[in-house]
Amino acid sequence: DDVESRGLGDVYKRQIYNERQYNIMNITAIQISEKRQKVKTSDESIKMRKFISMTATMLKIGFIGFGGGSALIPVIEEEVVEKDKIVSEEEFNDDVMIASITPGALPVEVATGIGRQSSGLKGMAAAATAMALPGALLTVLLQAVISSAGSMVKSQINYLSVGISAFIILTLLAYSLGTVRQAVNKREGQLYSLIILGVFLLSGEKSIYQLFGLNIKPIFALSTIQVLGAAFFVILFTKGHLRCLRRSIPAVSITGCYLLCVGSAHIIPLAAKPFILALMAVLAVLGLAQSVLESPQKKAFPVKRLVTSVGFWLIFVAMFSIPAIFLTAKALRFIGMGWLSSVMSFGGGDAYLSVAQGLFVEGGVINNADFYGNVVSVANALPGSILCKILTGIAYDVGYNLNGSIIEGLFVALSGFACSVAASGAIFELVFCVYEKYESLQIFAVVKHFIRPIISGLLLTVAVSLYTSGICGQIQAGSGSNIALIITLLVLAVNLILMKLQKNGKNIHLIWKILISAGISFIGCNIL
């Protein structure tokens with residue numbers, strides 16, 4: 001009996017022990033599960049805060065982004081790379097490179113890339129929309145106000161934009177100087193300086209003459225797309241091996257002929273342009289094909305990502321266009337033309353004006369007086385992408401002219417806004433997917449190395465154009481050029497002081513710099 005009881009006692013003890021172990025394991029499992037849930041909740045909270053912060057930053061840039069297009073590159077870099085650290089400088093440069101070689105609204109494309117890297121598909125949509133919304137919304141609102149309040153409101157907005165344009169000029173100059181400073185050694189810095197100066201002289205020749213009041217016909221005065229086209233031809237044909245004389249000498253020779261042909265002086269007759277372009281296209285494609293065949297890259301093409309992104313943008317357009325489709329049967333035709341115009345918009349914001357002229361004015365969608373006297377003049381006075389503002393403005397005009405209703409104008413304007421954002425985002429995603437597969441190619445390495453100095457040279461042209469056409473153009477007094485110069489120098493001086501204070505530890509937000517610049521010009525233009 002005693003042995004049997006001891007045996008039952010051992011069994012009982014083992015049972016108690018097993019129950020305790022089971023309870024401990026359950027408690028531990030519950031604790032681990034709770035910790036995992038807390039970590040997951042914390043991660044989701046961090047991601048949500050990052051998403052909200054990124055969207056708010058894009059919205060802010062959209063409101064302060066006077067100058068449009070390439071002029072916004074340094075502004076975006078300061079906010080998303082240097083200040084908020086949403087993406088790395090390398091990721092940002094990749095986005096700028098891809099946006100620079102694709103049609104569409106450049107700021108929206110850069111925002112698309114930043115949003116995708118930061119928060120995935122929803123980040124892509126939010127960033128692109130937030131970047132484009134302020135300019136498009138202000139364009140429509142101002143069109144509605146001007147139709148009832150007259151031109152006085154428009155002139156005051158122009159006065160505000162003078163100081164903001166002067167601030168943007170300083171930002172562009174600082175970006176170009178920063179490009180040279182980023183060089184790893186003195187020799188590279190000298191090369192960057194030569195590229196910046198060369199691009200500036202090729203693209204900004206007309207603006208330089210205008211700045212100094214010289215009545216000289218420019219030899220080149222190339223557009224953004226012509227400069228980028230020449231640069232990418234050399235890189236593609238040489239396969240990125242610029243020191244290979246067997247390819248670089250023919251590439252430079254053909255590029256020289258191209259520049260002399262498309263330049264304003266047409267030293268080589270313009271009739272030769274189709275043949276030169278055809279030759280460049282064939283050689284560039286051959287160079288690219290050889291680079292791809294020689295590449296060890298085995299990375300799969302991200303088909304799923306591309307299909308998901310393009311499908312999303314199509315749904316995006318459809319949702320925003322439903323009210324317009326119900327209002328007028330012309331909406332579907334306009335949406336198609338909107339997509340087409342965005343795909344054709346190579347060469348920056350100003351180049352889109354010629355595309356819009358051909359499709360919408362000559363196509364009978366909007367008359368010439370409304371296009372230039374209302375849409376273009378309003379868009380140029382406001383922040384944001386020219387493409388998004390113009391397309392949204394034309395859509396508003398189409399809707400408003402149906403029955404003279406502002407509400408109908410707003411509904412149709414939604415479809416124009418959606419087209420401009422979706423087309424830019426979808427094109428960017430397509431090119432990014434190609435880049436992601438072949439990013440190890442030498443040609444991409446060379447493009448990444450030289451794209452910033454090329455862009456910097458183009459930005460110097462934008463800076464001069466902002467002064468000659470933007471600032472001086474907004475001041476219509478008899479001594480307007482003198483007033484423009486005084487206000488510009490005053491804004492530059494004040495902002496240089498603010499920059500010095502910031503280097504000494506003072507925290508001066510970008511919004512304050514914009515407001516101070518706008519305030520100086522507003523007061524100055526109304527007093528002088």
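A crossing is right-handed if the near helix is turned clockwise from the far one by less than a right angle. That term is used in the legends below, which describe a predicted model.

**Figure 1. Overview of the protein chain.** The chain has 528 residues, and 48% of them are buried. Its secondary structure comes to 18 helices and zero strands. Take the contacts between residues at least 6 apart in sequence: 71% of these join residues at least 24 apart.

**Figure 2. Helix H7 packed against helix H8.** H7 spans residues 224-237 and H8 spans residues 245-262. Their axes lie 9 Å apart, at an angle of about 165°. Angles over 145 degrees count as roughly antiparallel, so H7 and H8 are roughly antiparallel to each other. The crossing of H7 past H8 is right-handed. H7 brings Gln 226, Ala 230, Phe 233, Val 234 and Phe 237 to the contact. H8 meets them with Arg 247, Pro 250, Ala 251, Ile 254, Thr 255, Tyr 258, Leu 259 and Val 262. By class, the contact of H7 with H8 holds ten nonpolar residues, two polar and one charged.

**Figure 3. Helix H11 packed against helix H14.** H11 covers residues 331-343, and H14 covers residues 386-403. The two axes come within 11 Å and cross at roughly 160°. H11 and H14 are therefore roughly antiparallel to each other. Their crossing is right-handed. On the H11 side, the contact is made by Phe 334, Gly 338, Ser 341 and Ser 342. On the H14 side, Leu 387, Leu 391, Ile 394 and Ala 395 take part. Five residues of this contact are nonpolar, three are polar and none is charged.

Figure 4. H2 (residues 73-83) is mostly covered, with eight of its eleven residues buried. The buried residues are Ile 73, Pro 74, Val 75, Ile 76, Glu 77, Glu 79, Val 80 and Val 81. Just after H2, Lys 85 takes a positive phi of about 55°. Leaving aside neighbours within four places in sequence, Phe 92 contacts Ile 73, Ile 76, Glu 77, Val 80, Val 81, Val 87, Val 110 and Ile 114.

Figure 5. The largest nonpolar core has 87 residues. Met 58, Ile 76, Val 80, Phe 92, Ile 114, Ile 168 and Phe 233 touch the most other members. Helix H16 (residues 442-474) gives the most to this core, with 14 residues. A second, separate core has 41 residues, including Ile 335, Val 361, Leu 391 and Ala 426.

Methods. Residues numbered from 1 in each chain as written. Predicted model: local features only at pLDDT ≥ 70, side-chain atom pairs only at ≥ 80, totals over all residues. Heavy atoms only, no water. Axes fitted to C-alpha atoms, helices over the stretch in contact; angles between N-to-C directions. Helix = DSSP H or I, 4+ residues; strand = E, 2+ residues; numbered from the N terminus. Parallel < 35°, antiparallel > 145°, perpendicular 65-115°, else oblique. Contact = heavy atoms within 4.5 Å. Nonpolar A, V, L, I, M, F, W, Y, C, P; charged D, E, K, R; others polar. Buried < 20%, exposed > 50% of the residue type's maximum accessible area, 1.4 Å probe, protein only. Core = buried A, V, L, I, M, F, W, Y, C linked by side-chain atoms within 4.5 Å.
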